[in-house]
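Thanks, everyone. I'll walk through charged pairs, then a strand, then some loops. Please have the viewer open.

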Amino acid sequence: MDFEKNQILTVEIVDITSEGEGIGKIDGYPFFVKDAVIGDTAQIKVVRAKKNYAYARLEKVVTPSPFRVEPSCSFHKQCGGCQIQAMSYNRQLEFKASKVKNNLVRIGGFDKEKIAELMEPIVGMDEPFHYRNKAQYPVGTDKEGNPVAGFYAGRTHNIIANTDCSLGFSENKEILEIILSYMKKHHVPAYDEVTGKGLVRHVLIRKGYYSGEIMVCLVINYKEKKFGAGKEGRGASAEKMHAKGNKALSFLPAQEELISALTQVAGMTSISVSLNTEKTNVIMGEKIYTIWGEDVIHDTIHMRDVENNFAPMGDVSGKGIEFSISPLSFYQVNPVQVEKLYSLALSYAGLTGKETVWDLYCGIGTISLFLARDAKQIYGVEVIPQAIEDAEKNAIHNSIHNAEFFVGKAEEVLPRKYEEEGISADVIVVDPPRKGCDEACLATMMKMKPDRIVYVSCDSATLARDLRVLCDGGYELRRVRAVDMFPMTVHVETVTLLTKKAR
Ligand code: SAH
């Protein structure tokens, strides 16, 4: 059957792609329909028809799916950040669990029955909104010339005004409104990507979940110049002035007024500017100057009781690990779920206090420090030097002395340490980026023959690929559990345990 562009059809949505689009079929020919929910009967309009499949737009929901819910955000279609907000949360969890299961079977080649048996229930959230501890809002100008903050529409760079994202904390709106009204009052121009002119590019907001501390960083198109005459010192650079502890440097018109308004927000702890004059999609500039308060905020990650539905631990072992977070630090964005994720990884690691443990792709050492208290020695490896600096500081701050960190690629550091220095491993934990582990890294892991490997993954397709390699190389898949770190989006995190096969 041939289908044409703009053709209107009615289909039943019978499946979901891994990107969250609905799939409708006519005589086995699939239509991928963004915003359609599995179970909908939908009127669709063909956008692009290929030989074996077509893309279509949702025109009208004819009969809504029992899994369809009213999205809490009126912008969810334009934004694209929450691909599955119109799907009930329980159905989202089911979708994510089966995405992991399907990838393990199809890509990993694992037996379907075995996976069904191994997989533990997906770990969801009780309150799946307002979970993000970090938000980055682009700032622009609307048709009337007013400053706006919001999000980029779809894959464009047009800003749609929305200061009230359903995933962010409630303070975001208050903070953005203070900044926008300050910009309006003092005619502070928003940055224009086309001309490269204007000042305010982005607003970064972070909040410590337990500490309540809030950090605001304004990313500004400000060329660092010598600070001229006056009390700020003749000819000294901002960097030099700042190094002397001078926080009174002025980067913004009427800066004091902005600061005084922002400090009214409960929890305000750190206000900074990041200088970025590059024409780039990279949000943050390299130089950051605190203009009020602290340079960092703090947050704590507590261990939770995995066996008891992740209940908080009351005893000493539940004592949290505290982290310092700067505007540039990588830090997991869902503070509630991250405790469950790490507790699960720790429980899979099965530590008794005697083990040498490697934490590959360790970031700022969050998992490493979590494991450290129950291990003999922890080694962390991470490619970003600043993250390792943070990891080292966080270890000292938490009086953890059995953690050592190395800067470099896991696939280079691990072979070097193993082959040249003979360092061993009882347990290896990996938490790689979406592309998964490098082959050389997997090969070294197998040579090192740890008793257990805990693989934490944010992409179940590459996870499945890597697990296949490890299972062909002497390991057995023992436990699998998905954790929903990003409700309303199609992303899902997975924790797995592999043990060395007895020979
Ligand atoms: N475990 C940490 C970070 C996980 S994100 C946490 O939970 O917070 C993955 C990390 O891997 C990032 O910090 C990234 O910088 C790092 N990374 C990416 N490629 C790497 C490589 N080849 N070797 C080591 N680290 C790498």
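Start with Glu 171. Buried or exposed? Glu 171 is buried, because its relative accessible area is 16%, and the cut-off for buried is under 20%. Keep in mind that this is a predicted model.

Glu 171 has a salt-bridge partner, Lys 207, with the closest N and O atoms 2.8 Å apart. This pair links distant parts of the chain. Glu 171 sits in helix H4, residues 171-185, and Lys 207 in strand E10, residues 200-207. They are 36 residues apart. Lys 207 is buried too, at 18% relative accessible area.

Stay on helix H4. Lys 173 forms a salt bridge with Glu 177. Here the closest N and O atoms are 3.8 Å apart. The two residues are 4 apart in H4, so about one helical turn separates them. Lys 173 is partly exposed at 32%. Glu 177 is partly exposed as well, at 39%.

Next pair: Glu 224 and Lys 287. Their closest N and O atoms are 3.3 Å apart, in a salt bridge. Glu 224 is partly exposed at 28%. Lys 287 is partly exposed at 32%. How many salt bridges does the structure hold? The count is 17.

Now strand E14, residues 297-301. Of its 5 residues, 4 are buried, so the rest of the structure largely encloses this strand. E14 pairs with strand E17, residues 321-325, in the antiparallel sense, over 5 bridges. Look at His 298: its bridge partner in E17 is Ser 324.

On to backbone angles. Asn 309 is not a glycine, yet its phi is positive, about 50°. Find Asn 309 in the loop between strands E15 and E16. Asn 309 is exposed, with 68% relative accessible area. Lys 449 also has a positive phi, near 50°, and is a residue other than glycine. Its loop runs between helix H11 and strand E22.

Together with Lys 114, Arg 478, Lys 501 and Arg 503, Lys 449 forms a positive surface patch. Lys 114 comes from helix H3, residues 112-118. Lys 114 is partly exposed, at 32%.

Last stop: Glu 19, in the loop between strands E1 and E2. Glu 19 is partly exposed, at 47%. Glu 19 and Lys 96 are 77 residues apart in sequence, and 11 Å apart in space, C-alpha to C-alpha.

Technical notes
Residues numbered from 1 in each chain as written. Predicted model: local features only at pLDDT ≥ 70, side-chain atom pairs only at ≥ 80, totals over all residues. Heavy atoms only, no water. Patch = residues over 30% accessible without salt bridge, like charges linked within 9 Å, V, L, I, M, F, W, Y side chains within 5 Å. Areas by Shrake-Rupley, 256 points an atom, 1.4 Å probe, with all protein chains shown as cover. Salt bridge = Lys/Arg side-chain N within 4 Å of Asp/Glu carboxyl O. Lys, Arg positive; Asp, Glu negative; His and termini not counted. Charge placed at Lys NZ, Arg CZ, Asp CG, Glu CD. Buried < 20%, exposed > 50% of the residue type's maximum accessible area, 1.4 Å probe, protein only. Pairing = 2+ DSSP bridges.
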